[in-house]
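Hi,

Here is the structure I promised to send over. Have a look at it first, and then read my notes below.

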Amino acid sequence: MTMNLLAVDDESINLMIIDESLSDKGFNIVKARDGEEALAILNRNEFLFFAIILDRLMPKMDGIELLRKIKHSEKWRDIPVIFQTAMSGVTDMTDGLDAGAFYYLTKPYSRALLVTIVQTAVEHYIKLLKAKEDLHKGMGALRHLVNGEFRIKSIKESHELAPILANACPDPERVLTGIMEILNNAIEHGNLGISYQEKTDLHNNDKLMEEIFHRLNLPEYKEKFVQVLFTKSHDKIEIIIKDQGKGFDWRKYLSLQAMTKNAFKTHGRGIFMARKLSFDDLTYEDEGSKAIITIMLTGNSSELLTDFQES
C-alpha cells in the first residue's frame with residue numbers, strides 16, 4: 001500500500017524539504033500551494049492519505065480554515081494533521097487545538113524531527129484504521145450492553161477491546177480513539193512503568209513496541225492486568241479503566257498549559273485530546289491509576305433509553 005501524505009504550503013522550498021525528507025522513508029508526497037488547492041485534492045478522492053502536513057499562514061484559505069473543514073468532514077476527520085507554524089504563542093496553539101490539530105512543528109525544524117513526527121502520526125492512524133475495521137464487524141448488538149467487566153494485559157488486547165467498548169456507546173467513531181488512548185496509557189505507563197522520558201527516547205529510536213513486548217514478558221510485569229468496568233445508566237455511560245501501576249500526575253496532562261508545552265513533542269497530548277474530542281468528561285482517581293470516562297446519553301434518541309429499560 002502506498003503511504004500518501006498531503007503537504008500544504010505556499011512556499012516551494014518548504015514543500016521541497018518535506019518531499020526530500022520523507023520520500024526516501026517510503027512516503028509519496030502530494031503537494032498543494034494553498035488551502036483551496038488542498039481541498040480540491042481531497043475532494044477528488046484520488047489518494048488515501050495517512051497524514052496531512054499543513055502550514056498555518058497561506059493565501060486564499062489559511063491553515064486554520066482548512067483544518068476546520070477537514071475535522072468537520074466524516075471522510076477526513078480522523079486523518080492526523082501535522083500543523084507547521086512559525087507562531088508558537090499559547091493563543092496560536094489554542095486556535096490549532098480548538099480546530100483539531102494533534103501534532104505541531106515550529107519552523108524552522110530539523111528533518112529528523114519531521115520524520116519522527118510523521119512516522120508517529122502515521123502509525124497512530126494505521127492503528128485507528130484497523131480498530132475502525134473491527135468497529136464495523138457486526139458488533140451493533142453491543143449497544144444493549146448495560147454492565148460489563150474486562151481484563152486485559154497487552155496492547156493487542158487493548159486494540160481488541162476498544163471497538164467493543166466503542167460499539168456500546170451511541171457514537172462509536174467519536175469515542176474509539178479516546179478509549180484506545182486511555183487503555184494504551186494504562187498498559188504502557190501504568191502497568192509497564194514506561195516514563196514520559198523513556199517513551200520519548202524509545203520513540204526517537206523506534207524502539208517503543210520492542211520495549212513494550214520485552215516488559216510484558218518480565219516477571220515483575222507479566223501478571224499485571226488492566227481492569228475495565230462499563231456501566232450504562234439512564235443518562236450516561238461510565239467507563240472505569242484501572243491499572244496496577246503507581247499512578248502519575250494526571251492534572252498536568254489535562255491542562256491547556258501542559259498541552260501547549262507538549263504540543264511540539266511526539267507524545268504527551270493523548271489524554272487531553274481524548275477528553276476534548278472523544279468524551280464528555282475524563283478524570284482520574286487513586287493518584288492517577290484509575291481513569292473515569294463519562295459519555296452523556298442525554299439528548300440522544302429515545303431509542304437509547306428504551307434499550308436501557310428493556311435490557
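Let me start with the aromatics: Phe248, Trp250 and Tyr284 form one aromatic cluster. Rings of Phe, Tyr and Trp (its six-membered ring) are paired here if their centres lie within 6.5 Å, with planes under 30 degrees apart called stacked, over 60 edge-to-face and the rest tilted. Before going further, note that this is a predicted model, where local features need pLDDT of at least 70 and side-chain atom pairs count only at pLDDT 80 or more, while totals for chains, interfaces and linings use all residues. Residues are numbered from 1 along each chain as its sequence is written, and side-chain values use heavy atoms, with hydrogens and water left out.

Searching the whole structure gives five aromatic pairs. One of them joins Phe248 and Tyr284, edge-to-face, at 5.2 Å centre to centre and 85° between the planes. Phe248 sits in the loop between strand 8 and helix 10 (251–254) and Tyr284 in strand 9 (residues 281–285), so this pair ties together parts that are 36 residues apart in sequence. Helices (H or I, at least four residues) and strands (E, at least two) are DSSP runs, numbered from the N terminus. Are the two partners buried or exposed? Tyr284 is buried, at 7% relative accessible area, whereas Phe248 is partly exposed at 32%. The cut-offs are under 20% for buried and over 50% for exposed, with partly exposed in between (1.4 Å probe, protein chains only).

Tyr284 also turns up among the contacts (heavy atoms within 4.5 Å) of Ile182. Leaving aside neighbours within four places in sequence, Ile182 is in contact with Ile241, Ile271, Ala274, Phe279, Leu282, Tyr284, Ala291 and Ile293. Ile182 and Ile241 are also listed, with Leu6, Leu22 and Ile239, as the residues with the most contacts inside the largest nonpolar core, which has 95 residues. Such a core is a set of buried Ala, Val, Leu, Ile, Met, Phe, Trp, Tyr and Cys residues joined through side-chain atoms within 4.5 Å. Helix 5 (residues 111–135) supplies the largest share of this core, 10 residues.

Now for helix 3 (residues 63–71), where Gly63, Ile64, Leu66, Leu67 and Ile70 are buried. Down the helix 3 axis, these buried residues fall within an arc of 160°, so they line one face of the helix; the arc is that of the directions from the axis to the C-beta atoms. At the start of helix 3, a side-chain oxygen of Asp62 comes to within 3.4 Å of the backbone nitrogen of Ile64.

Two backbone angles to look at: Lys60, in the loop between strand 3 and helix 3, has a positive phi near 70° and is exposed at 65%. Asn45, in the loop between helix 2 (35–44) and strand 3 (49–55), has a positive phi near 55° and is exposed at 51%.

Arg215, in helix 9 (residues 208–216), is buried at 10% relative accessible area. Not counting residues up to four places away in sequence, Arg215 touches Leu192, Gly193, Ile194, Glu198 and Tyr221.

Finally, confidence: the protein chain has a mean pLDDT (the predictor's confidence in each residue, from 0 to 100) of 85, and 88% of its residues reach 70 or more. Confidence is highest in strand 8 (residues 236–242), at a mean of 98, and lowest in helix 13 (residues 302–310), at 39. Over residues 300–311 the pLDDT is below 50, and this stretch has 12 contacts in the model beyond near neighbours in sequence. Where pLDDT is low, the predicted coordinates should not be read in detail.

Cheers

Definitions and conventions
Polar contact = N/O pair within 3.5 Å; in protein donor to acceptor, adjacent residues only side chain to side chain.
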